[in-house]
Amino acid sequence: MSKRILYPLFLLLIPLIGITITDVINWSVFDFIIMGFLLIILSIVINFVSNRIKNLKNRILYIGILVLIFMLIWAELAVGLFETPFASN
């Protein structure tokens, strides 16, 4: 496993800085753990797709679908887009 799989975790610095600046962002340690897990899984799957799929159009399509699924899961956990029991309050 390459180190670049862990690079997306640097995105967690954005809410961390936001928490220190304002009270609007209200993340707990559990939120950081869940988002870190989702980012690592996304980066592992994108790396797998990049290594396995040789056709550029198919690679872009599959990565786009993965990012779309990630964004839907993120939206569901954040605001309850589909009103499942996993949604935020």
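Contact here means heavy atoms within 4.5 Å. This is a predicted model, where local features need pLDDT of at least 70, side-chain atom pairs count only at pLDDT 80 or more, and totals for chains, interfaces and linings use all residues. Residues are numbered from 1 along each chain as its sequence is written, and side-chain values use heavy atoms, with hydrogens and water left out.

Let's start with Asn47, which sits in helix 2 (helices are DSSP runs of H or I with at least four residues, numbered from the N terminus). Setting aside neighbours within four places in sequence, Asn47 is in contact with Ser2, Arg4 and Ile5. With Arg4 there's also a side-chain to side-chain polar contact at 3.2 Å (a pair of N or O atoms within 3.5 Å, where within protein one must be able to donate a hydrogen and the other to accept it, and residues adjacent in sequence count only if both atoms are side-chain atoms).

Ser43 belongs to helix 2 too, which covers residues 29-52. Not counting residues up to four places away in sequence, Ser43 touches Ile5 and Pro8.

Now for the greasy part. The largest nonpolar core has seven residues: Leu12, Phe32, Met35, Leu38, Leu39, Leu42 and Phe70. Helix 2 gives the most to this core, five residues. (Such a core is a set of buried Ala, Val, Leu, Ile, Met, Phe, Trp, Tyr and Cys residues joined through side-chain atoms within 4.5 Å.) Phe70 touches Met35, Leu38, Leu39 and Leu42, again leaving out residues up to four places away in sequence.

Methods. Helices (H or I, at least four residues) and strands (E, at least two) are DSSP runs, numbered from the N terminus. Buried means under 20% relative accessible area, exposed over 50%, partly exposed in between (1.4 Å probe, protein chains only).
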